Amino acid sequence: MKKSQFKIMMVLLLLLCFVSFASAGPTIDNILKKKELVVGTTANLPPMAFKAKDGKLKGLDIDLSRLIASSMHVKLRLVEMPFDKLIPALESGKIDMILSCMTITPERNLRVVYVGPYFMSGQSILTTKDIADNIHGLADINKPDFTVAVPKGTTTERIAKMILPKATLVVVESTGETLDLLREKKVMALMADYPFTSVESMRHRNKDFVANPPFSIEPVGIAIRQGDPLLTNFLQNTLLLLKGEGLLDKMTERWFNDPAWIDDLP
């Protein structure tokens, strides 16, 4: 299919969604009635979502939220809350959807509908460039003389023990402590979620820190309530259009590969 034909098809699909809004589901009806889209986020995981020095919320999730609201021709209201409060807030109707680097898991999917993924995350290694140049796969890490710091009681620790059984794992209380160990050269690398390793590689580029691509696959999606097939269809088509036009790739590139925004971090 030619690109021009693809564009026409997507525009028609979106127009069909808007034509059907009069008999839409409860969530979309409420959004259009109040002319406001309420999105829940923790805003504590750059570059997906974070509060900048000027107090404004920024990141990939925030940009995507604004585009969705704009497509609906409504205002956007962002609501910050702890991560474990997001799904209850969605279920109770306090928010309309969740964009907060929320990975799609079977347990969560039993409670909410996911649309996406719009981003693929996973567990990544942060190390120095000289070490990264010699890492071509897990086999180069999974050996006794390779020390990796991981935060205790996290998904990272569980996955590290599973995929790196031969490596020497240094288990500490927090992700911040793993970074301290790497800065002090007490470990060769740390393992964490890819958004974290990506940000720290840019923040510490003067130390030649490098974030390896994820070793695991953790799809990130938009969470919405059950019972609104039109909203699901609308979001699916919106993401498809953004991907087809290359806008989603450009946003991801900006937040994950361009360090220009790093100084916005508090």
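Trainee: Leaving aside neighbours within four places in sequence, which residues is P219 in contact with?
Mentor: P219 is in contact with M102, T103, I104, P117, F119 and M120. Contact means heavy atoms within 4.5 Å.

Trainee: What kind of model is this?
Mentor: This is a predicted model: local features need pLDDT of at least 70, side-chain atom pairs count only at pLDDT 80 or more, and totals for chains, interfaces and linings use all residues. Residues are numbered from 1 along each chain as its sequence is written, and side-chain values use heavy atoms, with hydrogens and water left out.

Trainee: Back to P219. Where does P219 sit?
Mentor: In strand β13. Strands (E, at least two residues) and helices (H or I, at least four) are DSSP runs, numbered from the N terminus.

Trainee: What about S121: buried or exposed?
Mentor: S121 is buried, at 5% relative accessible area. S121 belongs to strand β7, residues 113–121. Not counting residues up to four places away, S121 touches Y194, P195, P214, S216, I217, E218 and V220.

Trainee: New topic. What volume does the largest pocket have?
Mentor: About 620 Å³. A pocket is an open set of points on a 1 Å grid over the protein atoms alone, with protein on both sides within 12 Å along at least five of seven lines; a 1.4 Å probe fits at the points, and a cavity is a set where that probe cannot get out. Points are joined across faces, edges and corners, and the volume is the space filled by probe spheres set on them.

Trainee: Which residues lie nearest the centre of the largest pocket?
Mentor: T103, Q123, T155, D193 and E218, out of 28 lining residues. Lining residues have an atom within 4 Å of a point.

Trainee: Which element gives the most to the lining?
Mentor: α7, with four residues. β2, β11, α9 and β13 are also among those supplying at least two each.

Trainee: How does the lining split by class?
Mentor: Twelve nonpolar, twelve polar and four charged residues. Ala, Val, Leu, Ile, Met, Phe, Trp, Tyr, Cys and Pro count as nonpolar, Asp, Glu, Lys and Arg as charged, and the others, Gly among them, as polar.

Trainee: How many aromatic pairs turn up?
Mentor: Five in the whole structure. One of them is F50 with W255: edge-to-face, 6.0 Å centre to centre, 80 degrees between the planes. Rings of Phe, Tyr and Trp (its six-membered ring) pair if their centres lie within 6.5 Å; planes under 30 degrees apart are stacked, over 60 edge-to-face, the rest tilted.

Trainee: Which parts does the F50 and W255 pair tie together?
Mentor: F50 lies in β3 and W255 in α11, so the pair ties together parts 205 residues apart in sequence. F50 is buried at 3%, and W255 is buried at 1%. Ring pairs link F50, W255 and W261 into a cluster.

Trainee: And how many helices and strands overall?
Mentor: Eleven helices and 13 strands. Of the 266 residues, 49% count as buried.

Key: Buried means under 20% relative accessible area, exposed over 50%, partly exposed in between (1.4 Å probe, protein chains only).
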